[in-house]
Amino acid sequence: MKTLLDEKLCKRNLLLMGRMLHVHCAAHILNLIVQEGLKVMQDSINNVRDSVLYWIGSSGRIETFEEVARLLHISYNKKLEYDCPTRWNSTYLILRTVLEYKDVFMKLSLNDFSCFPTEGQYSATEEVCDTLKLFYHITEEFSGTQYPTSIQFFSKVCDIKLELKALVKSLNPLISSMASAMVLKFKKYWDEVHILMGVAAIFDPKYKMRLIEFYLTHIYGRETASDKIQEVRSYCVDLFQEYKSRGAESSQASSSSEVVGHVEGDRLSSFDRFV
């Protein structure tokens, strides 16, 4: 993208000289942030994966797992499935599923496969899953296809920032360490996304600038938030002025075309531009 902007494209033909040419995918950003945090408990995650992979490795083992679940009166309504390591939300779901069947795994570990999560790793997994619940729900909302999502981005990204700020102060060293790693990754994208997504949020008639003021005041405090709020406002104004100037140029061009169409008797030649 940098090469395109610097060497290949004419910036004069782009909105705001190319400042809006590239916007990172919010769901992808969130995936990278959480993946960074999950590295802190990679050993526990690997043990969970190995356990699941072992018990879905053959039809006989699957039947054994189901039988033990029945003996323990645990409903086997969620099948064990291997996760996709590059998609953190699938890792979250496999961790949740294993926690639901914790007693089954513990029972099986007495007679079979030795690579089971330890009691401490189960405990850590449960704490991490509780911590990441908000991130999982936001990922689902970002990935929605049946409703507009652009106006949701700003508030959700701000919720993430505030949540990470609180988690860094956690008395649990695992959670604090995980949150610190996520914050470092988050900072890489924050300056860009909070401005562009803020512009999208302003177009929501329910909130307009009030949403920007609300969240940035919570994040930066009243004394320093004004500059950040003005930065988003200025970006929005610049964008409006850009569209306004381009609209004026377009109107001038269409006016000359309308004259030609009228002279030639083709009254519908400017219909599309009229709409």
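Guide: Two residues are in contact here when heavy atoms of theirs lie within 4.5 Å. Keep that in mind as we walk through this model, which is a predicted one. Of the contacts in the protein chain with a separation of 6 or more, 69% are between residues 24 or more positions apart.

Visitor: Which residues does Gln-152 touch, leaving aside its neighbours within four places in sequence?

Guide: Gln-152 is in contact with Glu-141 and Tyr-147. Gln-152 itself belongs to helix H8, residues 150-167. Met-197 is 45 residues from Gln-152 in sequence, with 8.4 Å between their C-alpha atoms.

Visitor: What makes up the protein chain, in terms of helices and strands?

Guide: There are 12 helices and 0 strands. Read along the sequence, the pattern is α-α-α-α-α-α-α-α-α-α-α-α.

Visitor: How many aromatic pairs are there?

Guide: The structure holds 13. One of them joins Trp-88 and Tyr-92.

Visitor: Where do Trp-88 and Tyr-92 sit in helix H5, relative to each other?

Guide: They are 4 residues apart in helix H5 (residues 88-100), so about one helical turn separates them.

Visitor: What makes Phe-214 and Tyr-215 an edge-to-face pair?

Guide: The same test applies. Their ring centres are 5.2 Å apart and their planes are at 85°, so this pair passes the 6.5 Å limit and the 60-degree mark.

Visitor: How much of the protein chain is buried?

Guide: Buried residues make up 39% of its 275 residues. The accessible surface of the chain comes to about 16400 Å², and 54% of that belongs to carbon and sulfur atoms.

Visitor: What sits over the ring of Tyr-54?

Guide: The charged end of Arg-61 does, 4.0 Å from the ring centre. Tyr-54 also belongs to one aromatic cluster with Trp-55, Phe-65, Tyr-76, Tyr-101 and Phe-105.

Visitor: And what sits over the ring of Trp-190?

Guide: That is the charged end of Lys-161, 4.9 Å from the ring centre.

How values were computed. Residues numbered from 1 in each chain as written. Predicted model: local features only at pLDDT ≥ 70, side-chain atom pairs only at ≥ 80, totals over all residues. Heavy atoms only, no water. Phe/Tyr/Trp six-rings, centres within 6.5 Å; stacked < 30°, edge-to-face > 60°. Helix = DSSP H or I, 4+ residues; strand = E, 2+ residues; numbered from the N terminus. Lys NZ or Arg CZ within 6 Å of the ring centre and 35° of its normal. Buried < 20%, exposed > 50% of the residue type's maximum accessible area, 1.4 Å probe, protein only. Areas by Shrake-Rupley, 256 points an atom, 1.4 Å probe, with all protein chains shown as cover.
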